[in-house]
Amino acid sequence: HLVISMECSKVESSTITFNTAISACEKSGQWQKALHVFFTLFQSSVEVDTVSFSAAISACEKGGETEKALHIFQMMKQSEVEVETISFGAAISACESVGQWESALQLFRTMMEGKVETNAITFSAAISACAKGGAWEEALQLLRVSLQSEVETITFNAAISSCEKGGRS
């Protein structure tokens, strides 16, 4: 409704306006509306940025729509928009939420190979995905890698949970 209201009232659309609408839909659990706004933005003359893609990926993740989240992530990689930590984090979290640990690890490896900065969120999401899939050895390998960078308590907790689920506590 917001996009239609903007068009009818001749309010000038901007990336920030669209991103705010996508994020609001995401936060209220309305992934379908978030995607509608995202694709309206994508088809408009307004610039799509990292926040646009990341908010749409997050909306799909929160709605349990992992395949849609990964499709948008692929669209982002094919566009001229730089894929940053927040976008990788959203895609890895989408995989983690449905236990697709292999996909989460592949995204994480792609992130590291591309020299995209990792953080506690990306490490924790990848480790948690491994935990859900019973891949405790991979989770511990990620923990070892994370020790070479700054790690927060959340990363250790994810690794401990992974070991516990794998019967290695």
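At what angle do H8 and helix H9 (residues 136–146) pack, and how far apart are their axes?

## Basis of the model

This is a predicted model, in which local features need pLDDT of at least 70 and side-chain atom pairs count only at pLDDT 80 or more, while totals for chains, interfaces and linings use all residues. Residues are numbered from 1 along each chain as its sequence is written, and side-chain values use heavy atoms, with hydrogens and water left out.

## Helices H8 and H9

H8 and H9 pack at an angle of about 165°, with their axes 8 Å apart; axes are lines fitted to C-alpha atoms, for helices over the stretch in contact, and angles run from 0 to 180 degrees between N-to-C directions. H8 is therefore roughly antiparallel to H9, a term used for angles over 145 degrees. Helices here are DSSP runs (H or I, at least four residues), numbered from the N terminus.

The contact (heavy atoms within 4.5 Å) is made by Phe123, Ala126, Ile127 and Cys130 of H8 together with Glu138, Ala139, Leu142, Leu143, Val145 and Ser146 of H9. By class, these residues divide into 8 nonpolar, 1 polar and 1 charged, where Ala, Val, Leu, Ile, Met, Phe, Trp, Tyr, Cys and Pro count as nonpolar, Asp, Glu, Lys and Arg as charged, and the others, Gly among them, as polar.

## Helices H6 and H7

Helix H6 (residues 85–97) and H7 pack at an angle of about 165°, with their axes 8 Å apart, which means that H6 is roughly antiparallel to H7. From H6 the contact draws on Thr85, Phe88, Ala91, Ile92 and Cys95, and from H7 on Ser103, Ala104, Leu107, Phe108, Thr110 and Met111. This contact has 8 nonpolar and 3 polar residues, and no charged ones.

Ile72 is placed in helix H5 (residues 66–78) and counts as buried because its relative accessibility is 1%; buried means under 20% relative accessible area and exposed over 50%, with partly exposed in between (1.4 Å probe, protein chains only). Leaving aside neighbours within four places in sequence, Ile72 is in contact with Leu35, Phe38, Phe53, Ala56, Ile57 and Cys60.

Lys115, by contrast, counts as exposed, at 74% relative accessibility, and lies in the loop between helix H7 (101–113) and helix H8 (120–132). The phi of Lys115 is near 60°, a positive value in a residue other than glycine.

## Cysteines

A search of the whole structure finds 0 disulfides, a disulfide being a pair of cysteine sulfur atoms within 2.5 Å. Cys25 counts as buried at 13% relative accessibility, and Cys60 counts as buried at 0%.

Key
Helices (H or I, at least four residues) and strands (E, at least two) are DSSP runs, numbered from the N terminus. Angles under 35 degrees count as roughly parallel, over 145 as roughly antiparallel, 65 to 115 as roughly perpendicular and the rest as oblique.
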